[in-house]
Amino acid sequence: MSLKRFGSAHQGALWALGAGAAALALFWAARSNRTLMNFWVDRVSMPVKRALGAVTNPLPFSVCEAGATLLILGALALLGRSLWQAFHGCPAALGAWALHLTVCILWGYVGVCALWGTQYYADSFADKAGIRTAGSSAEQLAAVTRYFARKAADCAGDVPRDEGGCFGVTRAEIFARTEGLYDGITGRWPFLEGPERRAKPAFYSKLMSAWGFTGYLCPLTGESTLNVDCPEVFLPVTIAHEFAHQRGVAAEQEANFVGIMACINSGQADYVYSGWLFGYLHLYNALYRVDPAAASASMAAMPAEVRADFAWNNAYWASWEGPVQEVGETVYNAFLESYGQELGIQSYGACVDLLVEVFLPLAGEKT
(Lines give C-alpha, C1' and ligand atoms only; values in the text may rest on other atoms or scores of the structure.)
Protein backbone atom coordinates (compact mmCIF):
# COMPACT_ATOMS: atom_id res chain seq x y z
CA MET A 1 0.00 0.00 0.00
CA SER A 2 1.35 3.42 -0.96
CA LEU A 3 1.80 6.15 1.62
CA LYS A 4 -1.01 8.13 -0.03
CA ARG A 5 -3.41 5.20 0.13
CA PHE A 6 -2.39 4.51 3.74
CA GLY A 7 -3.11 8.14 4.64
CA SER A 8 -6.47 8.03 2.92
CA ALA A 9 -7.42 4.77 4.64
CA HIS A 10 -6.49 6.12 8.08
CA GLN A 11 -7.42 9.76 7.66
CA GLY A 12 -9.35 9.89 10.94
CA ALA A 13 -6.42 8.54 12.95
CA LEU A 14 -4.05 11.02 11.35
CA TRP A 15 -6.38 13.90 12.14
CA ALA A 16 -6.62 12.64 15.73
CA LEU A 17 -2.83 12.48 15.89
CA GLY A 18 -2.52 16.06 14.68
CA ALA A 19 -5.22 17.28 17.06
CA GLY A 20 -3.49 15.55 19.98
CA ALA A 21 -0.18 17.15 19.09
CA ALA A 22 -1.89 20.55 18.86
CA ALA A 23 -3.56 20.06 22.26
CA LEU A 24 -0.22 19.15 23.81
CA ALA A 25 1.44 22.19 22.23
CA LEU A 26 -1.35 24.38 23.64
CA PHE A 27 -0.69 23.02 27.13
CA TRP A 28 3.03 23.70 26.82
CA ALA A 29 2.36 27.24 25.61
CA ALA A 30 -0.25 28.05 28.27
CA ARG A 31 1.33 26.48 31.34
CA SER A 32 3.45 29.52 32.17
CA ASN A 33 0.30 31.63 32.66
CA ARG A 34 -0.52 31.23 36.36
CA THR A 35 -3.87 33.03 36.09
CA LEU A 36 -5.00 30.78 33.25
CA MET A 37 -3.80 27.66 35.07
CA ASN A 38 -5.66 28.67 38.25
CA PHE A 39 -8.83 29.21 36.23
CA TRP A 40 -8.47 25.87 34.47
CA VAL A 41 -7.79 23.94 37.67
CA ASP A 42 -10.59 25.59 39.67
CA ARG A 43 -13.25 25.58 36.94
CA VAL A 44 -12.39 22.59 34.77
CA SER A 45 -9.90 19.96 35.93
CA MET A 46 -10.88 19.72 39.61
CA PRO A 47 -14.64 19.52 38.87
CA VAL A 48 -13.99 16.93 36.17
CA LYS A 49 -11.76 14.81 38.43
CA ARG A 50 -14.33 14.98 41.22
CA ALA A 51 -17.08 13.93 38.82
CA LEU A 52 -14.97 11.03 37.59
CA GLY A 53 -14.23 10.09 41.19
CA ALA A 54 -17.94 10.09 42.01
CA VAL A 55 -18.54 7.58 39.21
CA THR A 56 -15.67 5.24 40.10
CA ASN A 57 -15.87 5.57 43.90
CA PRO A 58 -18.66 3.00 44.52
CA LEU A 59 -16.63 0.25 42.84
CA PRO A 60 -14.40 -1.75 45.23
CA PHE A 61 -11.61 -2.17 42.66
CA SER A 62 -9.38 0.30 40.85
CA VAL A 63 -11.02 1.24 37.56
CA CYS A 64 -7.67 2.65 36.48
CA GLU A 65 -5.99 -0.74 36.92
CA ALA A 66 -8.85 -2.56 35.22
CA GLY A 67 -8.86 -0.11 32.33
CA ALA A 68 -5.09 -0.29 31.88
CA THR A 69 -5.25 -4.09 31.90
CA LEU A 70 -7.95 -4.14 29.21
CA LEU A 71 -6.08 -1.61 27.08
CA ILE A 72 -2.83 -3.58 27.26
CA LEU A 73 -4.57 -6.87 26.48
CA GLY A 74 -6.49 -5.24 23.65
CA ALA A 75 -3.31 -3.72 22.20
CA LEU A 76 -1.56 -7.11 22.34
CA ALA A 77 -4.53 -8.85 20.72
CA LEU A 78 -4.60 -6.28 17.92
CA LEU A 79 -0.84 -6.63 17.51
CA GLY A 80 -1.28 -10.37 17.03
CA ARG A 81 -4.01 -9.74 14.47
CA SER A 82 -1.83 -7.19 12.66
CA LEU A 83 1.11 -9.61 12.55
CA TRP A 84 -1.13 -12.29 11.07
CA GLN A 85 -2.38 -9.83 8.42
CA ALA A 86 1.18 -8.67 7.68
CA PHE A 87 2.28 -12.23 6.99
CA HIS A 88 -0.76 -12.79 4.78
CA GLY A 89 -0.42 -10.03 2.23
CA CYS A 90 -1.21 -6.86 4.19
CA PRO A 91 2.10 -5.36 5.35
CA ALA A 92 0.42 -2.01 6.15
CA ALA A 93 -1.46 -3.64 9.04
CA LEU A 94 1.49 -3.18 11.41
CA GLY A 95 1.76 0.48 10.46
CA ALA A 96 -1.94 0.94 11.12
CA TRP A 97 -1.60 -0.74 14.53
CA ALA A 98 1.34 1.52 15.44
CA LEU A 99 -0.55 4.62 14.29
CA HIS A 100 -3.67 3.87 16.31
CA LEU A 101 -1.64 2.90 19.39
CA THR A 102 0.27 6.18 19.14
CA VAL A 103 -3.01 8.11 18.94
CA CYS A 104 -4.32 6.36 22.07
CA ILE A 105 -1.12 6.98 24.03
CA LEU A 106 -0.93 10.60 22.90
CA TRP A 107 -4.52 11.39 23.90
CA GLY A 108 -4.04 9.58 27.20
CA TYR A 109 -1.09 11.83 27.90
CA VAL A 110 -3.09 14.89 26.82
CA GLY A 111 -5.76 13.86 29.33
CA VAL A 112 -3.16 13.52 32.10
CA CYS A 113 -1.74 16.95 31.24
CA ALA A 114 -5.18 18.55 31.21
CA LEU A 115 -6.40 16.93 34.43
CA TRP A 116 -3.13 16.74 36.35
CA GLY A 117 -0.19 18.48 34.67
CA THR A 118 -1.94 21.83 34.84
CA GLN A 119 -2.07 21.43 38.64
CA TYR A 120 1.70 21.91 38.88
CA TYR A 121 1.46 25.37 37.35
CA ALA A 122 -1.45 26.66 39.45
CA ASP A 123 -1.16 27.98 43.01
CA SER A 124 0.58 25.48 45.29
CA PHE A 125 -0.52 24.36 48.73
CA ALA A 126 2.03 26.72 50.31
CA ASP A 127 0.68 29.61 48.21
CA LYS A 128 -2.89 28.94 49.31
CA ALA A 129 -1.91 28.34 52.94
CA GLY A 130 0.28 31.44 53.08
CA ILE A 131 3.28 29.43 54.31
CA ARG A 132 6.66 30.83 53.37
CA THR A 133 9.67 28.58 53.94
CA ALA A 134 13.01 30.35 54.28
CA GLY A 135 15.22 27.35 54.97
CA SER A 136 16.50 26.31 58.36
CA SER A 137 19.73 25.80 60.26
CA ALA A 138 21.04 22.39 61.28
CA GLU A 139 20.11 23.21 64.87
CA GLN A 140 16.52 24.01 63.93
CA LEU A 141 16.27 20.85 61.84
CA ALA A 142 17.64 18.82 64.75
CA ALA A 143 15.12 20.42 67.12
CA VAL A 144 12.12 19.51 64.96
CA THR A 145 13.54 16.03 64.36
CA ARG A 146 13.74 15.52 68.15
CA TYR A 147 10.17 16.78 68.48
CA PHE A 148 8.87 14.28 65.92
CA ALA A 149 10.94 11.55 67.54
CA ARG A 150 9.25 12.20 70.87
CA LYS A 151 5.81 12.22 69.30
CA ALA A 152 6.41 8.99 67.37
CA ALA A 153 7.83 7.34 70.49
CA ASP A 154 4.86 8.45 72.58
CA CYS A 155 2.41 6.98 70.03
CA ALA A 156 4.25 3.72 69.39
CA GLY A 157 2.51 1.97 72.26
CA ASP A 158 -0.96 3.09 71.20
CA VAL A 159 -1.20 0.75 68.22
CA PRO A 160 -1.55 -3.06 68.21
CA ARG A 161 1.64 -5.06 67.73
CA ASP A 162 2.21 -8.46 66.16
CA GLU A 163 4.29 -11.24 67.71
CA GLY A 164 7.46 -9.64 66.32
CA GLY A 165 6.67 -6.29 67.93
CA CYS A 166 5.81 -4.60 64.64
CA PHE A 167 2.81 -2.48 63.71
CA GLY A 168 -0.14 -4.87 63.83
CA VAL A 169 -3.12 -3.03 62.33
CA THR A 170 -4.53 -4.88 59.32
CA ARG A 171 -4.97 -3.37 55.88
CA ALA A 172 -8.71 -3.98 56.07
CA GLU A 173 -8.95 -1.95 59.29
CA ILE A 174 -6.91 0.88 57.80
CA PHE A 175 -8.99 1.03 54.61
CA ALA A 176 -12.23 0.91 56.60
CA ARG A 177 -11.53 4.18 58.45
CA THR A 178 -10.61 6.71 55.77
CA GLU A 179 -13.85 8.70 56.00
CA GLY A 180 -13.34 12.04 57.73
CA LEU A 181 -9.56 11.73 57.54
CA TYR A 182 -9.21 15.41 56.60
CA ASP A 183 -11.71 16.79 59.08
CA GLY A 184 -8.93 17.71 61.50
CA ILE A 185 -7.19 20.13 59.12
CA THR A 186 -9.88 21.58 56.84
CA GLY A 187 -10.72 24.15 59.50
CA ARG A 188 -7.17 25.42 59.26
CA TRP A 189 -6.97 25.07 55.46
CA PRO A 190 -10.55 25.16 54.06
CA PHE A 191 -9.35 24.81 50.47
CA LEU A 192 -8.55 21.16 51.28
CA GLU A 193 -12.22 20.35 51.71
CA GLY A 194 -13.59 17.89 49.21
CA PRO A 195 -15.94 14.96 48.71
CA GLU A 196 -15.07 11.77 50.58
CA ARG A 197 -13.51 9.10 48.40
CA ARG A 198 -12.47 5.55 49.19
CA ALA A 199 -8.89 4.34 48.80
CA LYS A 200 -8.58 1.41 46.38
CA PRO A 201 -6.24 -1.56 47.01
CA ALA A 202 -4.02 -2.28 44.02
CA PHE A 203 -4.32 -5.69 42.38
CA TYR A 204 -0.81 -5.24 40.99
CA SER A 205 0.74 -4.33 44.33
CA LYS A 206 3.80 -6.54 43.87
CA LEU A 207 4.44 -4.92 40.50
CA MET A 208 4.19 -1.52 42.20
CA SER A 209 6.76 -2.67 44.77
CA ALA A 210 9.07 -3.80 41.99
CA TRP A 211 8.83 -0.29 40.54
CA GLY A 212 9.21 1.34 43.96
CA PHE A 213 5.70 2.81 44.30
CA THR A 214 3.41 2.86 47.33
CA GLY A 215 0.40 4.52 45.70
CA TYR A 216 -0.80 6.79 42.94
CA LEU A 217 -3.67 9.03 41.92
CA CYS A 218 -5.12 8.38 38.47
CA PRO A 219 -6.47 11.71 37.17
CA LEU A 220 -8.41 9.96 34.39
CA THR A 221 -10.57 8.11 36.93
CA GLY A 222 -10.21 10.30 40.02
CA GLU A 223 -9.07 7.31 42.11
CA SER A 224 -6.37 6.74 44.71
CA THR A 225 -4.84 3.28 44.32
CA LEU A 226 -2.62 1.89 47.09
CA ASN A 227 0.09 -0.75 47.26
CA VAL A 228 -1.16 -3.32 49.79
CA ASP A 229 1.86 -5.62 49.65
CA CYS A 230 4.33 -3.32 51.45
CA PRO A 231 4.38 -2.99 55.28
CA GLU A 232 1.19 -1.50 56.71
CA VAL A 233 2.92 0.95 59.03
CA PHE A 234 3.06 3.66 56.35
CA LEU A 235 -0.21 2.73 54.64
CA PRO A 236 -2.30 5.28 56.62
CA VAL A 237 -0.04 8.22 55.73
CA THR A 238 0.23 7.03 52.13
CA ILE A 239 -3.57 7.03 51.87
CA ALA A 240 -3.60 10.57 53.31
CA HIS A 241 -0.91 11.56 50.78
CA GLU A 242 -3.00 10.31 47.85
CA PHE A 243 -6.08 12.02 49.26
CA ALA A 244 -4.06 15.26 49.26
CA HIS A 245 -3.62 14.80 45.51
CA GLN A 246 -7.37 14.27 45.16
CA ARG A 247 -7.92 17.56 46.98
CA GLY A 248 -5.73 19.54 44.61
CA VAL A 249 -2.23 19.27 46.10
CA ALA A 250 0.00 18.40 43.16
CA ALA A 251 3.62 18.58 44.31
CA GLU A 252 4.82 15.41 46.00
CA GLN A 253 6.62 17.22 48.82
CA GLU A 254 3.50 19.20 49.68
CA ALA A 255 1.30 16.11 49.49
CA ASN A 256 3.64 14.43 51.97
CA PHE A 257 3.33 17.36 54.36
CA VAL A 258 -0.46 17.53 54.02
CA GLY A 259 -0.74 13.77 54.46
CA ILE A 260 1.31 13.95 57.66
CA MET A 261 -0.82 16.81 58.98
CA ALA A 262 -4.05 14.96 58.18
CA CYS A 263 -2.86 11.84 59.98
CA ILE A 264 -1.56 13.44 63.16
CA ASN A 265 -4.81 15.41 63.47
CA SER A 266 -7.10 12.47 62.65
CA GLY A 267 -7.69 11.24 66.20
CA GLN A 268 -7.13 7.62 65.07
CA ALA A 269 -4.17 5.99 66.82
CA ASP A 270 -2.81 4.08 63.83
CA TYR A 271 -3.10 7.07 61.50
CA VAL A 272 -1.58 9.40 64.12
CA TYR A 273 1.39 7.10 64.66
CA SER A 274 1.91 6.61 60.91
CA GLY A 275 1.93 10.38 60.41
CA TRP A 276 4.45 11.15 63.17
CA LEU A 277 6.66 8.26 62.06
CA PHE A 278 6.62 9.32 58.40
CA GLY A 279 7.41 12.90 59.35
CA TYR A 280 10.26 11.71 61.55
CA LEU A 281 11.62 9.59 58.69
CA HIS A 282 11.85 12.62 56.41
CA LEU A 283 13.40 14.78 59.09
CA TYR A 284 15.85 12.04 60.09
CA ASN A 285 17.00 11.60 56.49
CA ALA A 286 17.51 15.35 56.09
CA LEU A 287 19.36 15.60 59.42
CA TYR A 288 21.58 12.64 58.54
CA ARG A 289 22.88 14.55 55.52
CA VAL A 290 24.02 17.49 57.65
CA ASP A 291 24.74 15.85 61.03
CA PRO A 292 25.00 12.05 60.84
CA ALA A 293 25.95 11.72 64.51
CA ALA A 294 22.87 13.59 65.73
CA ALA A 295 20.60 11.62 63.40
CA SER A 296 22.08 8.29 64.50
CA ALA A 297 21.75 9.23 68.17
CA SER A 298 18.12 10.15 67.58
CA MET A 299 17.34 6.79 65.98
CA ALA A 300 19.23 4.86 68.66
CA ALA A 301 17.12 6.53 71.36
CA MET A 302 13.87 5.39 69.77
CA PRO A 303 11.87 2.67 71.56
CA ALA A 304 12.20 -0.89 70.31
CA GLU A 305 8.75 -0.77 68.65
CA VAL A 306 9.73 2.15 66.43
CA ARG A 307 13.04 0.58 65.45
CA ALA A 308 11.23 -2.67 64.69
CA ASP A 309 8.85 -0.87 62.34
CA PHE A 310 11.72 0.82 60.52
CA ALA A 311 13.65 -2.46 60.25
CA TRP A 312 10.57 -4.21 58.84
CA ASN A 313 9.98 -1.47 56.27
CA ASN A 314 13.66 -1.26 55.27
CA ALA A 315 13.95 -5.02 54.86
CA TYR A 316 10.89 -5.14 52.63
CA TRP A 317 12.09 -2.46 50.23
CA ALA A 318 15.65 -3.84 50.23
CA SER A 319 14.20 -7.10 48.90
CA TRP A 320 12.91 -5.25 45.83
CA GLU A 321 16.08 -3.35 44.98
CA GLY A 322 17.27 -3.95 41.45
CA PRO A 323 17.14 -2.73 37.84
CA VAL A 324 13.33 -2.74 37.64
CA GLN A 325 13.03 -0.35 40.57
CA GLU A 326 15.81 1.82 39.14
CA VAL A 327 13.96 2.05 35.84
CA GLY A 328 10.73 2.90 37.67
CA GLU A 329 12.41 5.69 39.60
CA THR A 330 14.06 7.03 36.44
CA VAL A 331 10.77 7.08 34.52
CA TYR A 332 8.87 8.77 37.36
CA ASN A 333 11.70 11.24 37.87
CA ALA A 334 11.46 12.20 34.20
CA PHE A 335 7.67 12.51 34.52
CA LEU A 336 7.99 14.94 37.45
CA GLU A 337 10.70 16.96 35.72
CA SER A 338 8.53 17.25 32.60
CA TYR A 339 6.11 19.29 34.73
CA GLY A 340 8.82 21.57 36.09
CA GLN A 341 9.40 19.62 39.32
CA GLU A 342 13.15 20.28 39.25
CA LEU A 343 13.92 18.13 42.31
CA GLY A 344 12.43 15.14 40.53
CA ILE A 345 11.83 12.17 42.77
CA GLN A 346 14.04 13.76 45.44
CA SER A 347 11.27 16.30 45.94
CA TYR A 348 9.73 13.79 48.34
CA GLY A 349 12.28 15.03 50.89
CA ALA A 350 11.42 18.71 50.46
CA CYS A 351 8.44 18.48 52.83
CA VAL A 352 11.05 18.93 55.57
CA ASP A 353 11.02 22.69 54.95
CA LEU A 354 7.28 22.82 55.65
CA LEU A 355 7.60 20.61 58.72
CA VAL A 356 10.35 22.81 60.19
CA GLU A 357 8.43 25.99 59.42
CA VAL A 358 5.24 24.76 61.10
CA PHE A 359 6.65 22.78 64.01
CA LEU A 360 9.73 24.78 65.03
CA PRO A 361 7.73 26.93 67.51
CA LEU A 362 6.35 23.75 69.07
CA ALA A 363 9.82 22.25 69.32
CA GLY A 364 10.76 24.87 71.90
CA GLU A 365 13.68 26.31 69.94
CA LYS A 366 14.34 29.93 69.08
CA THR A 367 14.18 30.86 65.44
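A word on conventions before the details. This is a predicted model, where local features need pLDDT of at least 70 and side-chain atom pairs count only at pLDDT 80 or more, while totals for chains, interfaces and linings use all residues. Residues are numbered from 1 along each chain as its sequence is written, and side-chain values use heavy atoms, with hydrogens and water left out.

Let's start with Ser-205, which is found in helix H10, residues 205-211. Helices here are DSSP runs of H or I with at least four residues, numbered from the N terminus. Is Ser-205 buried or exposed? Its relative accessibility is 5%, so Ser-205 counts as buried. For that term, buried means under 20% relative accessible area, exposed means over 50%, and partly exposed lies in between, with a 1.4 Å probe and protein chains only. The side chain of Ser-205 reaches the backbone nitrogen of Val-228 at 2.9 Å. Not counting residues up to four places away in sequence, Ser-205 touches Leu-226, Asn-227, Val-228 and Asp-229; contact means heavy atoms within 4.5 Å.

Next up is Gln-246, in helix H11, residues 235-246. Gln-246 counts as buried because its relative accessibility is 14%. What does its side chain reach at 2.8 Å? That is the backbone oxygen of Gly-222. The side chain of Gln-246 also makes a polar contact with the side chain of Ser-224, at 3.4 Å. A polar contact is a pair of N or O atoms within 3.5 Å; within protein, one must be able to donate a hydrogen and the other to accept it, and residues adjacent in sequence count only if both atoms are side-chain atoms. Leaving aside neighbours within four places in sequence, the contacts of Gln-246 include Met-46, Arg-197 and Leu-217.

Now for a helix pair. Two packed helices are described by the angle between their axes and the distance between the axes. For helix H12 (residues 252-264) and helix H13 (residues 269-290), the axes come within 7 Å and cross at roughly 145°. These axes are lines fitted to C-alpha atoms, for helices over the stretch in contact, and angles run from 0 to 180 degrees between N-to-C directions. Which residues make the contact? From H12 we have Asn-256, Ile-260, Cys-263 and Ile-264, and from H13 the list includes Tyr-271, Trp-276, Phe-278 and His-282.

Let me zoom in on Ser-298, which has a relative accessible area of 13%. Its side chain is joined to that of Tyr-280 by a polar contact of 2.8 Å. Besides Tyr-280, Ser-298 is in contact with Thr-145 and Ala-149, leaving aside neighbours within four places in sequence. Ser-298 and Arg-150 are 148 residues apart in sequence, and their C-alpha atoms are 9.7 Å apart in space.

Last stop: Leu-360, in the segment after helix H17 (351-359). With 5% relative accessibility, Leu-360 counts as buried. Its C-alpha atom is separated by 66 Å from that of Phe-6, 354 residues apart along the chain.

Notes. Helix = DSSP H or I, 4+ residues; strand = E, 2+ residues; numbered from the N terminus.
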